[in-house]
Amino acid sequence: MVNTTINADYFYSAKLGREQVRAKNTETLMDIVNNKDLSDKQKENAAQEIVNITKAAQLENDIENLLAAKGFENCVVSI
């Protein structure tokens with residue numbers, strides 16, 4: 001018999017992992033933006049990717065909040 005119930009720890013861990021990856025990616029991109037040896041184009045691309053990461057994070061959060069308002073206590077959205 002297989003237990004198909006997912007407990008709250010799964011959702012917490014998934015969100016924590018998502019945030020850690022996002023933070024690491026943003027840190028790497030900020031290193032690019034602040035690197036004096038790279039071209040302006042490379043810096044602009046890195047800055048745009050930071051904006052994209054931020055937008056995705058906000059959208060994930062908004063969707064999770066909407067799902068919670070609909071009664072879904074535990075959910076994880078990944079964009």
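Select Glu64 and Arg18: their side chains make a polar contact at 2.7 Å (a pair of N or O atoms within 3.5 Å, one able to donate a hydrogen and the other to accept it; residues adjacent in sequence count only if both atoms are side-chain atoms). The model is predicted, so local features need pLDDT of at least 70 and side-chain atom pairs count only at pLDDT 80 or more, while totals for chains, interfaces and linings use all residues. Residues are numbered from 1 along each chain as its sequence is written, and side-chain values use heavy atoms, with hydrogens and water left out.

Stay on Glu64 and show its surroundings. Beyond the neighbours within four places in sequence, Glu64 is in contact (heavy atoms within 4.5 Å) with Lys15, Arg18, Cys75, Val76 and Val77. Glu64 has a relative accessible area of 6%, so Glu64 is buried (under 20%; exposed is over 50%, partly exposed in between, with a 1.4 Å probe and protein chains only).

Next, select residues 40–69. This is helix H2, where Glu64 is found. The protein has 2 helices and 0 strands (DSSP runs: H or I of at least four residues, E of at least two, numbered from the N terminus).

Now zoom out to the whole chain. The C-alpha atoms fill a box of roughly 55 × 25 × 15 Å along the principal axes. Colour by burial: buried residues make up 15% of the 79. Among contacts between residues at least 6 apart in sequence, 42% join residues at least 24 apart.
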